[in-house]
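Please read them alongside the coordinates.

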Amino acid sequence: MGKVGDWVDTVNRKVAASKVGYWFKLDGSGHPKERKGSHFFTEMRAGLATFFAMSYIIAVNSSVVSDTGGTCVCTADPQVDRWCINDPTYAICKAEVKRDLITATAAIAAFATFFMGLLANLPIGLAPGMGLNAYFAYTVVGFHGQGLVPYQIAVTAIFVEGWVFFGLALLGMRQWLARVIPRSIKLATSVGIGFFLTLIGMTYSEGIGLVVGGTSVPLDLAGCHPSSRDSVTGACPDSDKMRNPTMWIGIFCGGVLTTVLMMYRVKGAIIAGIILISIISWPRTTEVTYFPYTAVGDDAFDFFKKVVDFHRIGHILNVQQWDISGHGGQFGLALITFLYVDILDTTGTMYAMARYASLVDEETGDFEGSTIAYMVDSVSIAIGAILGTPPVTAFVESGAGIGEGGKTGLTAMTTGLCFFIAIFFAPIFASIPPWATGCVLILVGSMMVRAVTDINWKYMGDAIPAFVCIALMAFTYSIANGLIGGICLYMLLNILVWVIEKASGGRIVPQNKEFKDPWAPDFGSIIPIWMVNVAKGRAPWKRDEPVRSIEGTTGPEPVLVGEKGDKGDSSAGSRPDSATEVPADLVNEKGAHH
């Protein structure tokens, strides 16, 4: 071990002394802002930790988004099979779309994460975001294309969103816009999306099949064999409820076991549960097989047997449709919702991860490479739309790599290379059953719901809009409805309070007004530094602040989601060892966890 350790130290020193080390500001590189404690092999290990923490997105995203049917066309009689459940041709086409999405998800995650590391020098992973993919699949396009707009229009909205974001990042307005949203609505958005994902994880199409839509009640208990469900209502007979073995495998292996592993801070706990269930479900001779002896099962098994294969994107590549006549209103609603959630999600996550890695400048409140990071994210969103995926966002699971010591872009580049390798294992990722990922959605939802304790429940002007936002997201199965309801109610209540208070000369005020969350964000300068420098004839990236070395041991420590310390203090708590814990900034600043 001594010789190995000496060799590792030698390589670390040589890389740090090279141009690569200087570009990434490794410890010992001689850069005036070198990042103390950053070493080549540490960055490699951190990149692997980030990949294993977020690799589940390949299977989960492809499974969720394929529920739209992509560009597949249903030929069944809508009077007999409205949802196109029993059309074998459509089912085979949908399986092809899922394979397309596996390639697309891995490819865009590889591209976005690699260039986030190379250009912005940040240890942050990016991929199509949880929550946004559910909104895309079940609200915008809808199950089997029964939603607001066709798939082609939806990816067009995402493409436009990417370039709108690029302009906002270039002008320095992206951070400014994120601060406009009231704190209670930001937190409620995270909680509402958590419940939304939880409900999806309990369905048959994307989860363990625990609930179905009811007839006399909105939701009904399920858990029966899919073959015994009513062909019209989808309900389960009482005699077969809770007797589906795939549901129990999902609960115990994907839910209980994964939770226990997470409790003991086992890295890669989520992906371990997915792998175990998948292996159990692959043999064709069992009752829980994912490859039944049907036309769809045979097609899926033939693809699975290839193991290593590059699957070309055939159904969803570059399918943008620019003629939005007849869908203008819904196109605009989808675009605005994607913009709003992405502003909160990506901006909040990037700030939280940068602070966790001690890369935030306390004088400016910004982090190194922020403008370039937002530009990389924006371009990745647009490219992802061409590949047919929902919006790309920063992943809080990046905290797993940062917790392993990742401080530079080498961490992200390693993660990106791992996603690139995953492209060639599409047959494996395409064969992961929904009951393997259902409990993942539930677990992610539980992590997001913890933020409910940080909502200000003392003042009704903050609490009621937040509650409405949460309730509408879950009960109307729509993130957009929750956002619209919460924001509109917040504006209405607080404007009325302001008018009454002014009209009465300050004598009539609501109860507990003193506990209201202040809405006075520090917008700072709206003009980005690069524009100021260009106007002064200087290099765009030049800063006036004194040169300082960023120490790896300073900066606030993260707290568990849902923990509460002193208001406004994000430095309490302990350093996480896995992605199940996130920095306090993420709780206080971001609205949606993916």
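1. Is Cys469 buried or exposed? In this predicted model, Cys469 has a relative accessibility of 0% and therefore counts as buried.

2. The search over the whole structure returns 3 disulfides. With the bonded cysteines numbered in sequence order, they pair as 1-4, 2-3, 5-6.

3. Cys72 is bonded to Cys93, with an S to S distance of 1.9 Å. This pair links distant parts of the chain, 21 residues apart: Cys72 sits in the loop between α4 (56–65) and α5 (88–120), and Cys93 in helix α5. The S-S torsion of Cys72 and Cys93 is about -90°, so this disulfide is left-handed. Both Cys72 and Cys93 are buried.

4. Cys74 and Cys84 form another disulfide, at 2.0 Å from S to S. Each of the two lies in the loop between α4 and α5, so the bond ties together parts 10 residues apart in sequence. The torsion about the S-S bond of Cys74 and Cys84 is about 100°, which makes the disulfide right-handed. Cys74 is partly exposed at 31% relative accessibility, whereas Cys84 is buried at 3%.

5. A disulfide also joins Cys224 to Cys236 (S to S 2.0 Å). Both cysteines are in the loop between β3 (219–221) and α10 (245–263), so parts 12 residues apart in sequence are tied together. With a torsion of about -65° about the S-S bond, the disulfide of Cys224 and Cys236 is left-handed. Cys224 is buried with a relative accessible area of 0%, and Cys236 counts as buried at 7%.

6. For Cys253, the closest cysteine sulfur is that of Cys439, 9.6 Å away and too far for a bond. Cys253 is buried, its relative accessible area being 16%.

Note on methods
Residues are numbered from 1 along each chain as its sequence is written. This is a predicted model: local features need pLDDT of at least 70, side-chain atom pairs count only at pLDDT 80 or more; totals for chains, interfaces and linings use all residues. Side-chain values use heavy atoms; hydrogens and water are left out. A disulfide is a pair of cysteine sulfur atoms within 2.5 Å. Helices (H or I, at least four residues) and strands (E, at least two) are DSSP runs, numbered from the N terminus. Buried means under 20% relative accessible area, exposed over 50%, partly exposed in between (1.4 Å probe, protein chains only).
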